[in-house]
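Reader: I have the sequence and the coordinates open. Walk me through the packing, one question at a time.

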Amino acid sequence: MITSKIGENAGLIWNALQGGALSTKALKKATKLKEADLNLALGWLAREQKISFEITDAETIIALL
């Protein structure tokens, strides 16, 4: 059951990133996901090699591959 929810949340992230790369803060605001749910869904997308991460001193930027 939790797996299906993670997949749904991954879909929310995917849709939000269709407009371009976002910081984790902006992505959390755009999807209205709790931090734990956001991180689980990001892990799902990362494992599927669907997103990339750019880590700077100030923030993490996530983009679709």
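Reader: In which helix does L42 lie?

Author: This is a predicted model. Within the model, L42 belongs to a helix, and that helix is α3.

Reader: Is L42 buried or exposed?

Author: The cut-off for buried is under 20% relative accessible area. L42 has 6% relative accessibility, so L42 is buried.

Reader: Leaving aside neighbours within four places in sequence, which residues is L42 in contact with?

Author: Contact here means heavy atoms within 4.5 Å. With neighbours within four places in sequence left aside, the partners of L42 are I13, L27, I51, F53 and I62.

Reader: How many residues make up the largest nonpolar core?

Author: L42 is one of its members. Others include I13, L27, I51 and I62. In soluble globular proteins, nonpolar side chains tend to be buried together. The count for this core is eleven residues.

Reader: Which element gives the most to this core?

Author: Two elements give two or more residues to the core: α1 (2–17) and α3 (35–47). Four residues come from the top contributor, which is α3.

Reader: How far apart are the end C-alpha atoms of α1, and what span should its 16 residues have?

Author: Take 1.5 Å a residue; the 16 residues of α1 should then span 22 Å. The model agrees with that, as the end C-alpha atoms are apart by 23 Å.

Reader: What arc do the buried residues of α1 cover around the axis?

Author: The buried residues of α1 are I6, N9, A10, I13 and L17. They sit on the same side of α1, because their arc around the axis is only 110°.

Reader: What covers the buried residues of α1?

Author: Start with two of them. Leaving aside neighbours within four places in sequence, A10 is in contact with A41, W44 and L45. On the same terms, N9 is in contact with L33, D37 and A41. The cover includes β1 (22–23), α2 (24–31), α3, β2 (51–55) and β3 (60–64).

Reader: What is the relative accessibility of N9, and why does N9 count as buried?

Author: N9 lies in helix α1. Buried means under 20%. N9 counts as buried because its relative accessibility is 4%.

Reader: How many bridges join β2 to β3?

Author: β2 and β3 form a hairpin, with four residues between them. The two strands run antiparallel, and the bridges that join them number five.

Reader: Which residue in β3 is the bridge partner of E54?

Author: Look along β3 for the residue bridged to E54. That partner is I61.

Methods. Residues are numbered from 1 along each chain as its sequence is written. This is a predicted model: local features need pLDDT of at least 70, side-chain atom pairs count only at pLDDT 80 or more; totals for chains, interfaces and linings use all residues. Side-chain values use heavy atoms; hydrogens and water are left out. A nonpolar core is a set of buried Ala, Val, Leu, Ile, Met, Phe, Trp, Tyr and Cys residues joined through side-chain atoms within 4.5 Å. Buried means under 20% relative accessible area, exposed over 50%, partly exposed in between (1.4 Å probe, protein chains only). The expected span of a helix is 1.5 Å times one less than its number of residues. The arc is that of the directions from the helix axis to the C-beta atoms. Two strands pair if DSSP finds at least two bridges between them.
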